[in-house]
Structure formats: C-alpha cells, structure tokens
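Please look through the structure below before reading the numbered points.

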Amino acid sequence: MFRYVARSAAGKHLHRRGYATESVPDRKVAVLGAAGGIGQPLALLMKLNPLVSRLALYDIANTPGVAADVSHVNTRSEVTGYVGEDQLGQALEGCDVVIIPAGVPRKPGMTRDDLFNINAGIVKGLCAAIAKYCPNALVNMISNPVNSTVPIAAEVFKKAGTYDEKKLFGVTTLDVVRAKTFYAGKAKVNVADVNVPVVGGHAGITILPLFSQATPKANLPEDDIKALTKRTQDGGTEVVEAKAGKGSATLSMAYAGAIFADACLKGLNGVPNVVECSFVQSTVTELPFFASKVRLGKNGVEEVLGLGPLSDYEKEGLEKLKPELKASIEKGINFANQS
Ligand SMILES: NC(=O)C1=CN([C@@H]2O[C@H](COP(=O)(O)OP(=O)(O)OC[C@H]3O[C@@H](n4cnc5c(N)ncnc54)[C@H](O)[C@@H]3O)[C@@H](O)[C@H]2O)C=CC1
Ligand SMILES: O=C([O-])CC(=O)C(=O)O
C-alpha cells in the first residue's frame, strides 16, 4: 500500500473549519484498473473532484507510480495506491463509490462482446471483493461488454446476499457525451446547452439516442437524425479504428466516467434532481436491465425514469435492439451462475 497525502493549505483549511463533516461529507472513491488507459485520466479527474476525500487507486500492476503522480495535485483528497489482489480489500474498505474500468479494450474488427471471455472473469472477481469489503458502495461499471458485465455483477452480489439494485450502474455516459457533441455540431447550437437522452444498452444498435427529445430543438431532417444515430452507435468503433490497435476510447471515457461518478456523489450528498442516463435494473421495458434516465439520491437510484414520447424511428430502434440486449444480459447471468 502506498499512501500519499496531499498536504495542501486548502485541505487543512477544510478540516480546521469542519467542512469535511458538514457541508462536504467525507467520501471514499476507488478506481479499479487505475493504471490503465481509462484509469489514469479518470484518477486525475477524480482527484480534481472536491467531493472526494479519499481516492483509492487499485490495479494488478503499476499503481504506485500513478498514485504518486496524481497525489501531488493540490486538491482535497488523500490518494492511496494499491497493487495486487492481496491489497484489494484495503482499497475497497469504506468506499462510497467504486468505479471499474478494469479489463481489456477492443482492437479493430472486434465487437464489445468479443471481450466477454476475459472481462467477465475480471469483473466477477472484483465484484466478489466488493460484496465482501464494501457491500454498500455504489458500483459504476465501465468494463465491457457493459450489457453483460452489469448482469454478472448483479448475480455475484445476489449470491453474496448483498445485491441492492439501487447501487449498481452500467456507465453509458459516453454515449450521452457523444450524442450531445454530434448533435451540437449538426444542429449548430451551443454544445454546453445540449441535452440528449440515450437509452437501451452500450453496444452497437443497443445504443439508442433519443434525438426527438434533444434540446435545444433543431427540427433536423430525418436523414440527419439517422446519420447522428448511427454515428452515436458507432462512436466507440470510430475511436477503436482511429487508434488502430492501440485500444479504445480512454480520454473521453475518463471524462464521462468522472461526470457519472460526480453525479453519484452529488446524489449521495443529497443534492436534489441529479439525473443521468445509466444501464440499471429496470421495469421500463420487459428486459431486466435497461439504460434510461435515472434520478440519483442518497441511496443510489431514487427513480428510474421512463422513455418519454418516441418518434416512429426510435420506436423501431427500440424493438430492434431488444433481442440483442436480451441475449447479452442472459449471457452475463448464465456466466455468473455457471462458473
Ligand atoms: N463503458 C464505456 O463506455 C467504455 C468502456 N470501456 C472499457 O473499459 C475497459 C478498460 O479499457 P482501457 O482502460 O482502455 O484498458 P487498458 O488495458 O488500458 O486498462 C485496463 C486496466 O485494467 C487492469 N486490470 C486487468 N485485470 C485487472 C484486475 N483483475 N483488477 C484490476 N485491474 C485489472 C490492467 O492492468 C489495466 O491497467 C475495457 O473493457 C473497455 O472496453 C472503454 C471505453 C468506454
Ligand atoms: O468501443 C469500445 O470498445 C469502447 C467503448 O465502449 C466506447 O468507446 O463506447
């Protein structure tokens, strides 16, 4: 275990005045897979988040360097690096939020499901440790295929007797980030003002952006909506191909992961009306897990919001995605229960 305490003036100030226990509660966040392509920038972004008081960085290799590096940033949180399985328990103990970007990324020509064989086992092991060491933490699952890794996590927690459907989230924020960026470009509106819900899952056609609900309204022609939908669905592949064998989205994913974790922390801290899209246990459709807008609160999911009015094109997309999403969910459940 490697502990680096940022002794910034700001940090001391915070404690002396007692803010840490009053308006800004202590919150411990762990990043599992912290030395990876996503893990490193995500660790930095979480270090910048004033809602975090302790930041635990865990990986099977290379965490000491990442933790030493990030710890020099003069912000509130105390950074500790943990390396190897025998330090996983310490990394997790007392966590409020656990973010999981551990696992292998795609190479060109692969689908996210091609990662299942390696990542399913990694996620299963990490979730067993979460059930043991921080069963009450909110879990932000980034590892792909999210459509299967979230159901795997749920089954592991059920077996351990710790499952709380309000605390398990598949991180689909990058789909929303992309939809906002692409829409703003096409509609020629200020990207900072844009909102677009993205529902379904996190792979290919299971990613369903609802541009009919996008704001500010732009009345784009049907062809533009179709092109925007396809680009959002293929956003991950666009990056995989551009990186040409060197992995998938890491920087934009770290940004998206940091936005989602921040929303979870705000919810835990009682900030009202925190709403983000996420892949969660759901009754919005007949599928047991589904991404839609979720209101976050002191216990995690406060409310899973419905889909709202869909265009005919979106209704068609919704029906088309269901068989693939159903199969991916079942694959995850079967894996967790067989092995
Ligand atoms: N949900 C989403 O929107 C997105 C998900 N991803 C997924 O995130 C995952 C990570 O991607 P990258 O960071 O680019 O990969 P990477 O290979 O750069 O980093 C993965 C890290 O996980 C670590 N790791 C492997 N086994 C581990 C274990 N048992 N415990 C802890 N750490 C372990 C590795 O040592 C490595 O440092 C991939 O599965 C990728 O497909 C990537 C982009 C977007
Ligand atoms: O495409 C990938 O493999 C990584 C990912 O999930 C994304 O960028 O959305």
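1. The charged end of Lys 124 sits over the ring of Phe 335, 5.7 Å from the ring centre. A charge is said to sit over a ring if NZ of Lys or CZ of Arg is within 6 Å of the ring centre and within 35 degrees of the ring normal.

2. A word on conventions is in order. This is a predicted model, in which local features need pLDDT of at least 70 and side-chain atom pairs count only at pLDDT 80 or more, while totals for chains, interfaces and linings use all residues. Residues are numbered from 1 along each chain as its sequence is written, chains are lettered from A and ligands numbered from 1 in the order in which they are written, and side-chain values use heavy atoms, with hydrogens and water left out.

3. How many aromatic pairs are there? The count comes to 4, where rings of Phe, Tyr and Trp (its six-membered ring) pair if their centres lie within 6.5 Å; planes under 30 degrees apart count as stacked, over 60 as edge-to-face and the rest as tilted. One of them joins Phe 169 and Phe 260: the ring centres are 5.4 Å apart and the planes stand at 65 degrees, so this pair is edge-to-face. It links distant parts of the chain, as Phe 169 belongs to strand S7 (residues 168-170) and Phe 260 to helix H10 (residues 251-268), 91 residues apart. Helices (H or I, at least four residues) and strands (E, at least two) are DSSP runs, numbered from the N terminus. Phe 169 and Phe 260 are both buried; buried means under 20% relative accessible area, exposed over 50%, and partly exposed in between (1.4 Å probe, protein chains only).

4. A further pair consists of Phe 279 and Phe 289, whose ring centres are 6.1 Å apart with planes at 35 degrees, so the pair is tilted. Phe 279 is in strand S10 (residues 274-281) and Phe 289 in strand S11 (residues 289-297), 10 residues apart. Phe 279 and Phe 289 are both buried.

5. The UniProt record, an unreviewed entry, carries the annotation "binding site" at Arg 106, Arg 112, Asn 144 and Arg 178. UniProt positions are given in the numbering used here, feature names are shortened, and annotations may be inferred rather than shown by experiment. From this set, Arg 106, Arg 112, Asn 144 and Arg 178 are in the lining of the largest pocket. On a 1 Å grid over the protein atoms alone, a pocket is an open set of points where a 1.4 Å probe fits, with protein on both sides within 12 Å along at least five of seven lines; lining residues have an atom within 4 Å of a point.

6. Where is Arg 112 found? Arg 112 is in the loop between strand S5 (97-100) and helix H5 (116-133), and at 8% relative accessibility Arg 112 counts as buried. Beyond its neighbours within four places in sequence, Arg 112 is in contact with several residues, including Arg 106, Asn 144, His 202 and Gly 236; contact means heavy atoms within 4.5 Å.

7. Arg 178 is placed in helix H7 (residues 173-187) and is buried, with a relative accessible area of 8%. Leaving aside neighbours within four places in sequence, Arg 178 is in contact with Gly 235, Gly 236, Val 239 and Ala 249.

8. The feature "active site" is placed by UniProt (unreviewed entry) at His 202. This residue is in the loop between strand S8 (198-200) and strand S9 (207-209), and at 7% relative accessibility His 202 counts as buried. Not counting residues up to four places away in sequence, His 202 touches residues including Arg 112, Asn 144, Thr 172 and Asp 175. The side chain of His 202 also makes a polar contact with the side chain of Arg 112 (3.4 Å). A polar contact is a pair of N or O atoms within 3.5 Å; within protein, one must be able to donate a hydrogen and the other to accept it, and residues adjacent in sequence count only if both atoms are side-chain atoms.

9. Asn 49 lies in the loop between helix H2 (39-47) and strand S3 (54-59) and is buried, with a relative accessible area of 8%. The side chain of Asn 49 reaches the backbone nitrogen of Leu 51 at 2.8 Å.
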